[in-house]
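Here is a short briefing on one protein chain. Look over the strands first, then the cores and the helix packing.

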Amino acid sequence: MDRAELAAVLRTARARVEPAEVGLPVGSRRQVPGLRREEVAQLAGVSVDYVVRLEQGRGPKPSTQVLNALTRALRLGDDDRNLVFRLAGAEPPLAGRVPMLVRPSVLRILDRMLDLPALVLSAKSDVLAWNPLADTLLGDFSARRNLIRERFLGERFGRVRLSEEDEDRTAAHCVGCLRTAQARYPGDTDLAHLIAELRSGSARFDDLWRAGYSSTVSTTTLAIEHPAFGSLTLDCDILLVPDADQTVVVYSAAPGTPEATTLDLLRVTGAEQAAR
C-alpha cells in the first residue's frame, strides 16, 4: 500500500467533483474546490475521520467494499478506480465479478431525476447509488449496503410494508435473483460469501434456496410507511443498464393522486434538509 500516493490521488479526486454533480447544494461559503471531506464520507458511508486519515497518508488498508464506495463517491472512471485500488494494495475489480462501479453517465441521470426517488442496484442487490429524494422516502442509505441481506438478516425491511402474499412472492423473487447472479458470476467470492451468510443465518432463505428458484428483477407496486407522511403506494419501475448488469429503480405516482402530492412534499423536505 502506497499511503502517500493514495492520499494525493484521493485529495485530487475530491477537488475535481463539483457538489452539484452529486446532488449537493453549492452554497456560498465553500473555501476549497470540489467536495468537503464530510461530504465524501457521507456519500461513501464511512466516517469523516477515516477519510481524513486516508488523505493524510496514515489510514489503515481499506477493504474492497470501502474502496468501491470511495471510488463511486468520487465519480472515478475505470482507469482512476483501478489506480486507487492498486495504490491501496488491492486488486481492481476483475471480469467475472458482479460490477459494482456505477458509470458517470448513469450517475448524471440519477442526479437529474429531481422529482422522483431513484437508486441503483447491483446484480446482487447492493445499493450502489441513490438520489436525495430516495433517501428522504426510504431512509438513510449510507449504512444499507445490501437489500437482500437486510431483508433476511436485518431487523426490518426498511420502510416497505408488504402483504403476506406479497411478502412470500417477493422473498422467493429475492432468492431467485441471487441464484441468477450466481449463474452469471460463479467466480465472484463476495457473492458466494453473501449466499453462504444468508443460508447459514436464515432458515427461510435456505429453504427457498433449496427450492431452486431463479428470477430477474421486475416492475411492481410497493406500499411504504413514511414516519412523517404515513402510508403511500407507489409504482416501482426497473430500468436496466445491460452492459453493467445493474438496475435503476424509480418510484413514482400518477398525477393528481395523494401519493404524487406526497412526493412533492418529500422533495421540498429533502431540499430543505440538504440545505441545512
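In this predicted model, strand β1 (residues 118-121) runs antiparallel to strand β6 (residues 246-252), and 4 bridges join the two. Strand β2 (residues 127-130) also pairs with β1, antiparallel, through 3 bridges. Both faces of β1 are covered.

- Leu121 has a bridge partner in each neighbouring strand: Thr247 in β6 and Val127 in β2.
- β1 and β2 form a hairpin, with 5 residues between them. In the turn, Ser125 has a positive phi of about 70°.

**Val249 in β6**
- Is Val249 buried or exposed? Val249 lies in strand β6. Its relative accessibility is 5%, under the 20% cut-off, so Val249 counts as buried.
- Thr219 is 30 residues away from Val249 along the chain, and their C-alpha atoms are separated by 8.9 Å.

**Nonpolar cores**
- In soluble globular proteins, nonpolar side chains tend to be buried together.
- The largest nonpolar core here has 32 residues. Val120, Phe152, Leu178, Phe205 and Val248 have the most contacts inside it.
- Elements giving two or more residues to this core include the strands β1, β2 and β6. The helices that do so are α6 (104-112), α8 (147-153), α9 (164-184), α10 (189-201) and α11 (203-210).
- α9 supplies the largest share of this core, 6 residues.
- A second, separate core has 26 residues, among them Leu6, Val9, Val22 and Val66.

**Phe205 and the α10/α11 packing**
- Which residues does Phe205 contact, leaving aside its neighbours within four places in sequence? They are Ile148, Phe152, Val175, Leu178, Ile195, Leu198 and Arg199.
- α10 and α11 pack at an angle of about 115°, and their axes are 5 Å apart. The two helices are therefore roughly perpendicular to each other.
- From α10, the contact uses Ile195, Leu198, Arg199 and Gly201. From α11, it uses Ala203, Phe205, Asp206, Trp209 and Arg210.
- By class, this contact of α10 with α11 has 5 nonpolar, 1 polar and 3 charged residues.

Notes: Residues are numbered from 1 along each chain as its sequence is written. This is a predicted model: local features need pLDDT of at least 70, side-chain atom pairs count only at pLDDT 80 or more; totals for chains, interfaces and linings use all residues. Side-chain values use heavy atoms; hydrogens and water are left out. Buried means under 20% relative accessible area, exposed over 50%, partly exposed in between (1.4 Å probe, protein chains only). Two strands pair if DSSP finds at least two bridges between them. A nonpolar core is a set of buried Ala, Val, Leu, Ile, Met, Phe, Trp, Tyr and Cys residues joined through side-chain atoms within 4.5 Å. Contact means heavy atoms within 4.5 Å. Axes are lines fitted to C-alpha atoms, for helices over the stretch in contact, and angles run from 0 to 180 degrees between N-to-C directions. Angles under 35 degrees count as roughly parallel, over 145 as roughly antiparallel, 65 to 115 as roughly perpendicular and the rest as oblique. Ala, Val, Leu, Ile, Met, Phe, Trp, Tyr, Cys and Pro count as nonpolar, Asp, Glu, Lys and Arg as charged, and the others, Gly among them, as polar.
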